[in-house]
Amino acid sequence: MKRAKAIPAERPGKWSGAPEPSPDEARVDLPVARRQLAGLLLGAGAFVATGAWMLATRPDPVVAGLGLLAIAFFGLCGLVALRDLVRRGPVLSVSAYGLFDRRFSTEWIPWSALDGCHVAGGVLSVAVRPERDAALPLTHRARWIARFNRIVLHPRDPRFASLYWMPCQGVAGGGEAVAEAIARVLGGPRRRR
């Protein structure tokens, strides 16, 4: 898998006074990975069935608790996979204007609102400028996941205060396709010197 280097998020024309590009300029749309999501849905269904079997056949409170936990967690995972599986149109769009991940935002996120982004390990990391964070059209799901990641992963590091992780799972081609789309739109990843 290719790993994209950190890409500066300056949009074309920001400092030159040129007009801001439209969301359709140099646009790359990435569709849903239906086969992968169908596999996740089947796997979640199997774990829910196993949890139900544990709950029905074992009177032990510990095993019953594990069964309930499996039903709740994998049932939720299955619902998320099902919602993404029936989605029509692209999941992620990248253009000269910015990013639009329909799972995490309701509109385009312009490059001017970002300090940078990179793809590594199947995750698109987006660093949002702190002064622009509250005004972005992010979903409750995106903000909740970001808050959870900050609490669990880096509770005391201020660099992670406005960092959002968007999984490339569910996007056709995965992280490699996302990195290629960003590189194509922005002219390729910059090399470190």
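**Note on the predicted model: aromatic pairs, a nonpolar patch and confidence**

1. The structure holds three aromatic pairs. Rings of Phe, Tyr and Trp (its six-membered ring) pair if their centres lie within 6.5 Å; planes under 30 degrees apart count as stacked, over 60 as edge-to-face and the rest as tilted. This is a predicted model, in which local features need pLDDT of at least 70 and side-chain atom pairs count only at pLDDT 80 or more, while totals for chains, interfaces and linings use all residues. Residues are numbered from 1 along each chain as its sequence is written, and side-chain values use heavy atoms, with hydrogens and water left out.

2. Phe47 and Phe74 are stacked, because their ring centres are 4.4 Å apart and their planes stand at 15 degrees. Phe47 belongs to helix 1 and Phe74 to helix 2 (residues 61-85), so the pair ties together parts that are 27 residues apart in sequence. Helices (H or I, at least four residues) and strands (E, at least two) are DSSP runs, numbered from the N terminus.

3. Phe74 also pairs with Phe73, in an edge-to-face arrangement with 5.0 Å centre to centre and 80 degrees between the planes.

4. Trp144, Phe148, Ile151 and Val152 make a nonpolar surface patch of about 460 Å². Patch residues have over 30% relative accessible area and no salt bridge; like charges are joined within 9 Å, and nonpolar side chains (Val, Leu, Ile, Met, Phe, Trp, Tyr) within 5 Å. Val152 lies in helix 3 (residues 140-152) and is partly exposed, with a relative accessible area of 48%.

5. The protein chain averages a pLDDT (the predictor's confidence in each residue, from 0 to 100) of 78, and 79% of the residues score at least 70.

Methods. Areas by Shrake-Rupley, 256 points an atom, 1.4 Å probe, with all protein chains shown as cover. Salt bridge = Lys/Arg side-chain N within 4 Å of Asp/Glu carboxyl O. Buried < 20%, exposed > 50% of the residue type's maximum accessible area, 1.4 Å probe, protein only.
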